[in-house]
Amino acid sequence: MRVLIAPDSFGGTLSAPQAATAIGDGWRRAAPEAVLDLAPVSDGGPGFLAVLHTALGGELVQLSVADPLGRPTAAAVLMHQSSTDIRTAYIESAQACGLHLLAPSERDPERTSSTGVGQLLTAALDAGATRIVVGLGGSGTNDGGRGALSAVDPARLTGVKLIAATDVDNPLLGEHGASAVYGPQKGADQAAVRRLEAELAAYALKLDAMTVAAMPGAGAAGGLGFALLFCGGQRRSGAGLVLDALHLADRVAAAQVVVTGEGSYDPQSLRGKAPGAVAALAAEHAVPCLVLAGQVHVGRRQAAAHGITETYAVADAVGLPAALAESARHLRDLAEVVGRRWSQRAGS
């Protein structure tokens, strides 16, 4: 049996490569004869740069930029020279404004800023980028990209191909917008959500950019998508970009089973995130696709409608505290159980 293992990161517990390794180790215990193809993925959020660096190579330019509260934090820009004259810079916005950079007590999207992302954009321009791809996801900010635009000269972006690689398709405003959907995850109560919504609406009006605010992906990363689209950027699925770089379509076609996953497989996973993109490829090639996640909050019928054959949750087996405390171990154990079940099916 040939098994393609293509998970995203598991929140703040496992990187995508670590998750892929854990699943692979567990499956190999159950089926030593299986041929495993490990392909950790990303949709623009945390891990975007590491996955692309593995797939593409290139040079990592190490930097220190402002974190969401203005403190120095390590980040990098991946510079990749194609066979043509295109010099592409890849940026992972979460390295500068990620929620993981904040302690729970520091999470307050009325205070946090995306300034560090603007500093990464400036560094990319200084390195001679003619194309800049910004991975959006996992942010701890909700400033509509104001901080980022304050730290880069917009005039320097003229003539540069700018791509917003988003993990979701939410607009900036409204019930499906940045504040309403993601504000609570970043520490905002309902009163704060209303204030954040009003501030973003006023900001978009000031820029005369309400049309941009309504575009899919404008609400990504607390409105960083809006800022990039306002500067002439084009939106692209972050997951689609990564899957293309990994040549995942060909690898799916060669597999008998595809395994994907992430920390929490929930309704947001169906709005452009990596597991959904992997499942769509599997469905195109009529290959069964399994989700192994920390938690699963998507019903069986809904999952099936998006190309998922079965879902499995670590938390269902050991409870959430244990799943978070020893993620790799319990994910490996779950993969062993699932691997044995599917190997037996293949042999029957």
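Helix axes here are lines fitted to C-alpha atoms over the stretch in contact, and angles run from 0 to 180 degrees between N-to-C directions. Welcome to a predicted model, where local features need pLDDT of at least 70, side-chain atom pairs count only at pLDDT 80 or more, and totals for chains, interfaces and linings use all residues. Residues are numbered from 1 along each chain as its sequence is written, and side-chain values use heavy atoms, leaving out hydrogens and water. Helices (H or I, at least four residues) and strands (E, at least two) are DSSP runs, numbered from the N terminus.

**Two helices together**
- H2 and helix H10 (residues 238-245) pack at an angle of about 25 degrees, their axes 9 Å apart.
- The two helices, H2 and H10, are therefore roughly parallel (angles under 35 degrees count as such).
- Contact (heavy atoms within 4.5 Å) is made by Phe48, Val51, Leu52, Ala55 and Leu56 of H2 with Leu241, Val242 and Ala245 of H10.

**The sheet**
- Six strands form an open sheet in the order E3-E4-E5-E6-E7-E8, with mixed pairing (two strands pair if DSSP finds at least two bridges between them).
- E3 (59-66) and E8 (234-237) are the edge strands, each with a single partner, so one side of each lacks a neighbour in the sheet.
- From one strand to the next, the twist averages 25 degrees.
- E3 and E4 (residues 72-81) run antiparallel, joined by 8 bridges; Gln62 has Ala76 in E4 as its bridge partner.

**Helices on the sheet**
- Helix H2 (residues 48-56) packs on the sheet, and its direction makes about 145 degrees with that of E5.
- Helix H4 (residues 115-126) also packs there, touching E3, E4, E5, E6 and E7.

Terms used:
Angles under 35 degrees count as roughly parallel, over 145 as roughly antiparallel, 65 to 115 as roughly perpendicular and the rest as oblique.
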